[in-house]
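This report concerns a single protein chain and the way its parts are arranged.

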Amino acid sequence: MRNILDRFGDKWSTLVILVLNEEQKLRFNELHRVIGDISQKMLTVTLRNLEADGLVSRKVFAEIPPRVEYQLTDIGKSLVPHISGLITWADDNFSSILESRSSYQQKKKN
């Protein structure tokens, strides 16, 4: 279980899944531009991992220059509502969590 959760629970995988859900299909450079602060190497690694897990599909077009498009698979799409639920939970509890962190830091200092 942990092996699977670790794969898409990292910072970049979740973001790539959400962006591809919103945009449907994107080429590598388009995806890189939308995300912005991810390195090309990390985006490549993330896409390969998501593809290996069957969450993202990669379609290569025999053109010059080569064109590659990425999109969510059905199983990738089925994950989106769960990620959205987690985002909603985080938004709903953001203030409480920040207060708790602050209180914890104050206790730790004393």
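The model is predicted.

**The sheet**

An open sheet is built from 3 strands, and their order is β1-β3-β2 with antiparallel pairing. At its edges lie β1 (25-27) and β2 (56-61), each of which pairs on one side only. On average, neighbouring strands of this sheet are turned by 30° against each other, direction ignored. In general, the strands of a sheet pair through backbone hydrogen bonds, in either a parallel or an antiparallel manner. The two pairings found here are set out below.

| Strand pair | Sense | Bridges | Residues standing opposite |
|---|---|---|---|
| β1 and β3 | antiparallel | 3 bridges | L26 and Y70 |
| β2 and β3 | antiparallel | 6 bridges | S57 and Q71 |

Strand β3 comprises residues 67-72. Together, β2 and β3 form a hairpin, with 5 residues between them.

**A helix on the sheet**

Helix α3 (residues 28-35) packs on the sheet, where it touches β1 and β3. The direction of α3 makes about 100° with that of β1.

**A residue in helix α2**

Residue S13 belongs to helix α2, which covers residues 11-23. Is S13 buried or exposed? A residue is called buried when its relative accessible area is under 20%. The relative accessibility of S13 is 2%, and S13 therefore counts as buried. Apart from its neighbours within four places in sequence, S13 is in contact with R7, F8, T46 and L50.

Definitions and conventions. Residues numbered from 1 in each chain as written. Predicted model: local features only at pLDDT ≥ 70, side-chain atom pairs only at ≥ 80, totals over all residues. Heavy atoms only, no water. Pairing = 2+ DSSP bridges. Helix = DSSP H or I, 4+ residues; strand = E, 2+ residues; numbered from the N terminus. Axes fitted to C-alpha atoms, helices over the stretch in contact; angles between N-to-C directions. Contact = heavy atoms within 4.5 Å. Buried < 20%, exposed > 50% of the residue type's maximum accessible area, 1.4 Å probe, protein only.
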